[in-house]
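Visitor: I would like to learn how the words used for a protein model are tied to values, so please take me through a few of them.
Guide: Gladly; here is the model, and your questions can follow.

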Amino acid sequence: PVGLGVLVLLQLFRQQLDVETRNRIRLVTLLAMLGSAGWYALLESRDPGWFDVTLIALCLLAMGLGGFLRIRTYLLLGFAALLVDVSSIVFKFVREVDDQAIQRAAIGILLLLIGVGLVVGAIYYKTHRDRINRSIDLWRTRLDSWE
């Protein structure tokens, strides 16, 4: 609640602060919010489900506000924390399994999926390079006007 209050006040008084100060305040506030939820989601083992759901919801909220308010910091931090949380869920699952054969199979499947994703992504990019580059350039021009 305190972090949300700070961010709302920052939006209300954005004309009185320069861009660099606003970005620093946003960064520190979002790091504090995601860090407090992330601490329990990543390190607490008694009730990991609810903490992970809370962190995922907070990350999606930060990303949604970033898109709505056109603030890149919200998008980047929300996405980064979301990736860390999903990685932690996978790690907890692999760690909790008692059978080593299942652990090795899960790790192998994850590596296989990552490899398949990279190969499919590379093939798709090479076949649709011009369209993807135009789309990226369009997004770059849109994001240049953001803080």
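Visitor: What percentage of the 147 residues in the protein is made up of buried residues?
Guide: Buried residues make up 24% of the 147 residues, where buried means under 20% relative accessible area, exposed means over 50%, and partly exposed lies in between, with a 1.4 Å probe and protein chains only. Please keep in mind that this is a predicted model, in which local features need pLDDT of at least 70 and side-chain atom pairs count only at pLDDT 80 or more, while totals for chains, interfaces and linings use all residues. Residues are numbered from 1 along each chain as its sequence is written, and side-chain values use heavy atoms, with hydrogens and water left out.

Visitor: How many helices and strands are there in the protein?
Guide: There are six helices and zero strands, giving the pattern α-α-α-α-α-α along the sequence; both kinds of element are DSSP runs numbered from the N terminus, helices being H or I with at least four residues and strands being E with at least two.

Visitor: Why are helix 4 and helix 5 called roughly antiparallel?
Guide: The axes of helix 4 (residues 72–96) and helix 5 (residues 100–127) cross at roughly 155° and come within 8 Å; these axes are lines fitted to C-alpha atoms over the stretch in contact, with angles from 0 to 180 degrees between N-to-C directions. Angles under 35 degrees count as roughly parallel, over 145 as roughly antiparallel, 65 to 115 as roughly perpendicular and the rest as oblique, and therefore helix 4 and helix 5 are roughly antiparallel to each other.

Visitor: Is Ala57 buried, partly exposed or exposed?
Guide: Ala57, which lies in helix 3 (residues 48–69), has 44% relative accessibility and so counts as partly exposed. Ala57 and Leu82 are 25 residues apart in sequence and 9.1 Å apart in space, C-alpha to C-alpha.
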